Amino acid sequence: PGHIAKIRDVLEDALADAAPETIFFGMNARRLPNSSCFAVPGWAGETQVMQMDLSGFAVSAGSACSSGKVDKSSRVLRSMGFDDITAASALRVSLGPTTTEAEVMAFARTWISHYRRRKARAA
């Protein structure tokens, strides 16, 4: 678990450096080491899932508890005090025991590239 948590933290640090407005759910709580759930409010989780899928990465929208639900935003994230827009912007990344730091950084570079394109279009 220590190895996986370290890689998760590397991922979150890279995303936070590039996108400071990113919210990492549960960051200051005890949580599983193998997953990261985060959001850039207003960037739909479903859109991110499609973009990352086309780039070769399998991720999920919302919290693990909302997976497979039709609801556009996670009931769990809303119950944690996040608004509908933030909850609907959530992306969940799961790591495994064989996940490498290189793989996590490849994911981060791809996500950051999509994030920067989104920001440029909004400007």
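Analyst: pLDDT is the predictor's confidence in each residue, on a scale from 0 to 100. This is a predicted model, in which local features need pLDDT of at least 70 and side-chain atom pairs count only at 80 or more, while totals for chains, interfaces and linings use all residues. Numbering starts from 1 along each chain as its sequence is written, and side-chain values rest on heavy atoms, without hydrogens or water. The protein chain averages a pLDDT of 89, and 89% of the residues score at least 70. Over residues 66-70, however, pLDDT stays under 50.

User: Why is P41 called partly exposed?

Analyst: The relative accessible area of P41 is 33%. Buried means under 20% and exposed over 50% (1.4 Å probe, protein chains only), so a value in between is partly exposed. P41 lies in the loop between strand 2 (35-39) and helix 2 (45-54); these elements are DSSP runs, helices being H or I of at least four residues and strands E of at least two, numbered from the N terminus.

User: What is P41 in contact with, leaving aside neighbours within four places in sequence?

Analyst: Contact means heavy atoms within 4.5 Å. On that basis P41 touches E21, I23, I85, T86, S89 and R118. P41 and D83, 42 residues apart in sequence, lie 9.2 Å apart in space, C-alpha to C-alpha.

User: What makes helix 2 oblique to helix 5?

Analyst: The axes of helix 2 and helix 5 (residues 101-122) come within 10 Å and cross at roughly 125°. Axes are lines fitted to C-alpha atoms, for helices over the stretch in contact, with angles from 0 to 180 degrees between N-to-C directions. Angles under 35 degrees are roughly parallel, over 145 roughly antiparallel, 65 to 115 roughly perpendicular, and the rest oblique. Helix 2 is therefore oblique to helix 5.
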